[in-house]
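Reader: Could you walk me through this one? I'd like to talk about its cavities and its sheet.

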Amino acid sequence: MAFEGLSERLQAALQKLRGKGKVTEADVKAAMREVRLALLEADVNFKVVKEFVDRVRERAVGQEVLKSLTPGQQVIKVVNEELTRLMGGEQSKLTFAQRPPTVIMMVGLQGAGKTTTTGKLARLLKKQNRKPLLVAGDVYRPAAIRQLQVLGEQVGVPVFSMGDKESPVRIAAEGVARAKEEGCDVVLIDTAGRLHVDEAMMEELRKIREEVQPHEILLVVDAMTGQDAVNVAENFHRELGLTGVVLTKLDGDTRGGAALSVKAVTDCPIKFVGMGEKLDSLEPFHPERMASRILGM
Amino acid sequence: LRRNKIDEELFEELEEILISADVGVSTTMELVDRLRQEVKERKIQDPAELQPLMSEILLEMMKTDDVTPSLAMNNEGLTVILFVGVNGVGKTTTIGKLAHKLKSQGKKVVLAAGDTFRAGAIEQLETWGERVGVDVIKHQAGADPAAVVYDGIQAAKSRGADVLLCDTAGRLHSKVNLMEELKKVYRVVQREVPGAPHEVLLVLDATTGQNALQQAKTFSQAVNVSGIVLTKLDGTAKGGIVIAIRNELDLPVKWVGLGEKMEDLQEFDAEQFVHGLFGQSRLMEEAE
Ligand SMILES: Nc1nc2c(ncn2[C@@H]2O[C@H](COP(=O)(O)OP(=O)(O)OP(=O)(O)O)[C@@H](O)[C@H]2O)c(=O)[nH]1
Ligand SMILES: Nc1nc2c(ncn2[C@@H]2O[C@H](COP(=O)(O)OP(=O)(O)OP(=O)(O)O)[C@@H](O)[C@H]2O)c(=O)[nH]1
Ligand SMILES: [K+]
Ligand SMILES: [Mg+2]
Ligand SMILES: [Mg+2]
């Protein structure tokens, strides 16, 4: 299970505080050193870790906590609260347009899982009795269109494509027009993977956004991403104004700390998590449940 | 601001640079401890010498010895190379790039479409085959990957090819049944060509964090990985996890991916890699 390793480490770090009748500042400091290591080993960005640990320490050494009847428990409670806050508080759902179609744009680095997630999301929406249309906006990757077509077939959702000779901006616009014609109420636009520092490719996404005015721009992030997750998320967010994040490949044994970093720097909610390669493995993300699970509460 | 003495803060700054490059906490601690020791032994006092010294230590570690080639070739006949790794790291693309490189060296190359699972994977490899101008051996989607690779070997032999590059489906190392499937492919290669596979290249995405260490461990146990291809180094990620992998498993990095085009594959250059780690850091500037 993802987050499991993090959970074990954090719980071990806090175990020493649990049930302690008296907790000193030194105890808190020692525990926080362990918490810091646990988060770093889970790939949470080191700046995010620093801020997190500082906040918890500050709150934890406050009078109310250390002088309380169950100081150990109180410190753990502070960690849990801050962790939940870091993960994004309440569950966040997709925003649908007042007047359909709802336009959703999938963006992210190469190989993050955009195309697969597009297929999964189409399946989910179809189950909710919506009528999605998939738009093949990746004209660069070899056989990207074919990949989306196969996924569309598998979930029984139509795919709009104009081949790989048209510009993705035009394809997106025509795709939305087609959705209107055919009475599709959600348009999912798959885009090519790109580096966040690739100016020309980022400009292309901005143009698509201007053209189709999406209701959701979802950044697809590989849960195994390391320290660079913050640079990626920051750039995509600054360029496009993201509305949410999808975390993929959480079915492995990654500790998934990138999730925390991405949330911290963009303040965008994690809306879904990918739990496998198959098309039925997309789940809504529940921050508070996840935080509690990590702390074993 | 130039510092005039080596203090704890300076070591901490180095630690941060390494951690933010995904080297990982324990390897970073180990490296910085070694640095402290060297500083003491060599009686170094100038802070400007710290970063170069760290680079020296890293370089010593990451350098491949002269007997390890970037690609072990079979001089007696067909060379078989297996590409393995988790989902989306760049296996198929790297095969395309390497095929291009080998072909331009005058080698006859054949590709085997061993990923029969992912949607569009076979067509993706075929497109690369067309681009580079090499044959692709394939079956239907959903076919047994071991059977595809078997056919790939027979076809490569009968066409007198020099090298067979075998694609495999991306799989998380933690999925036992998928790792078993990979072992089966490996066994077929072993059985059909004596001494093969001549390379088992584990493809790692430079943006990956600490999980890559686990990937390297598990794939090595399953199929005897011979080297690493570190992809997507054209981004801002440093790929420092390969240092931890070298430290713990002694697996060399052989190739790096620097883009999505045919030409964007280079032999690993330890010096360039280590230099890249310290990139635009302040310590680097101080040292220069
Ligand atoms: N295990 C696992 N694999 C996933 C998940 N999501 C996607 N994948 C796999 O990750 C790989 C890359 O997925 P794609 O959907 O092609 O990624 P992409 O972002 O569209 O890639 P580009 O278009 O090349 O940028 C494929 O092998 C997918 O099957 C997930 O949640 N779990
Ligand atoms: N920027 C950059 N992108 C790369 C590099 N290597 C591969 N890619 C891109 O990463 C994405 C995934 O590459 P693939 O070759 O499909 O990866 P894979 O490991 O075969 O993926 P699966 O078969 O789905 O597991 C594609 O969009 C590639 O173009 C690289 O060195 N740099
Ligand atoms: K990836
Ligand atoms: Mg894609
Ligand atoms: Mg592939």
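**Cavities and sheet**

Author: Happy to! The second largest cavity holds about 40 Å³ of space, and please keep in mind that the model is predicted.

Reader: Which residues line the second largest cavity?

Author: By class, its lining has three nonpolar, three polar and two charged residues. By name, the residues that line the second largest cavity are A:Leu40, A:Asp43, A:Gln227, B:Ile19, B:Asp22, B:Gly24, B:Val25 and B:Gln210.

Reader: Thanks! What volume does the largest cavity have?

Author: A search of the whole structure finds two cavities of 30 Å³ or more. The largest cavity has a volume of about 140 Å³.

Reader: And which element gives the most to the lining of the largest cavity?

Author: Of the 17 lining residues, the closest to the centre are A:Leu109, A:Ala112, A:Val221, A:Asp222 and A:Thr225. Two elements of chain A give two or more residues to this lining, β5 (216-222) and α10 (229-240). With four residues, the element that gives the most is β5(A).

Reader: Turning to the sheet, which strands of chain A stand at the edges?

Author: Good one! The open sheet has eight strands with mixed pairing, in the order β3-β2-β4-β1-β5-β6-β7-β8 (chain A). Each edge strand has a single partner, so one side of it is left without a neighbour in the sheet; these strands are β3 (159-160) and β8 (282-284) of chain A.

Reader: What is the bridge partner of A:Leu134 in β3(A)?

Author: Strand β2 (residues 132-137) of chain A pairs with β3(A) in the parallel sense, over two bridges. For A:Leu134, the bridge partner in β3(A) is A:Val159.

Terms used: Residues are numbered from 1 along each chain as its sequence is written. Chains are lettered from A and ligands numbered from 1 in the order in which they are written. This is a predicted model: local features need pLDDT of at least 70, side-chain atom pairs count only at pLDDT 80 or more; totals for chains, interfaces and linings use all residues. Side-chain values use heavy atoms; hydrogens and water are left out. On a 1 Å grid over the protein atoms alone, a cavity is a set of points where a 1.4 Å probe fits but cannot get out, and a pocket is an open set with protein on both sides within 12 Å along at least five of seven lines; lining residues have an atom within 4 Å of a point. Grid points are joined across faces, edges and corners, and a volume is the space filled by probe spheres set on the points. Ala, Val, Leu, Ile, Met, Phe, Trp, Tyr, Cys and Pro count as nonpolar, Asp, Glu, Lys and Arg as charged, and the others, Gly among them, as polar. Two strands pair if DSSP finds at least two bridges between them.
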